[in-house]
Amino acid sequence: MAARISLTLDSTDAQVLAAFWKTALGYIDEPPPPPFATREEWLAQYDLPEDDVPEDGAWLCDPDGVGPYLSILNVPEPKTAKNRLHIDIRVPGHGSPDERWARIRAEADRLVRAGGTVLVEVDHQHVVMADPEGNEFCVAAASA
């Protein structure tokens, strides 16, 4: 059996970044693990420092259970360099290259309205973007 992965993003404002990625991926807030009723109860078991509050993190999941979990955690230092790993958002649908490109551009436009930034468009193949904190990701067509 293959290992399941989760992804973690460092952040300066986990709640802002979580709102963006929920919009981008269609994710929802991950429920706390059983037997905990709230995320606060779950975090309390770790005896964290008093200034480490639940709002310093966000835990997201694919409502269909297919995609990886996404954790977003506040850290004191800002992002300083290009990501060594990035997320590709694959836009579904088939059709001609022009039709696929139109769907990619429409998705990029939607993500700009959600707080993302277009960094570069690559040969009608994909769009390199950044989330509100500068983490790079790509928008491309799904495989045929």
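Let's start with a distance: the C-alpha centres of domain 1 and domain 2 lie 25 Å apart. Domain 1 covers 6-74 and domain 2 covers 87-141 of the protein chain. Those bounds come from an automatic or database domain assignment.

A word on the source. This is a predicted model, where local features need pLDDT of at least 70, side-chain atom pairs count only at pLDDT 80 or more, and totals for chains, interfaces and linings use all residues. Residues are numbered from 1 along each chain as its sequence is written, and side-chain values use heavy atoms, without hydrogens and water.

Now the interface. In contact (heavy atoms within 4.5 Å) are 13 residues of domain 1 and 13 residues of domain 2. How much area do domain 1 and domain 2 bury between them? About 1000 Å², with 72% of it on carbon and sulfur atoms. Buried area is the accessible area (1.4 Å probe) that two parts lose on being put together, summed over both. On the domain 1 side, F20, W21 and T23 supply 49% of the area buried against domain 2, more than any other three residues.

Salt bridges between the domains number zero; the rule wants a side-chain nitrogen of Lys or Arg within 4 Å of a carboxyl oxygen of Asp or Glu.

Which elements of domain 1 touch domain 2? β1 (6-11) and α1 (14-25) each supply at least two residues. α1 gives the most, with seven residues. Helices here are DSSP runs (H or I, at least four residues), and strands are too (E, at least two), numbered from the N terminus.
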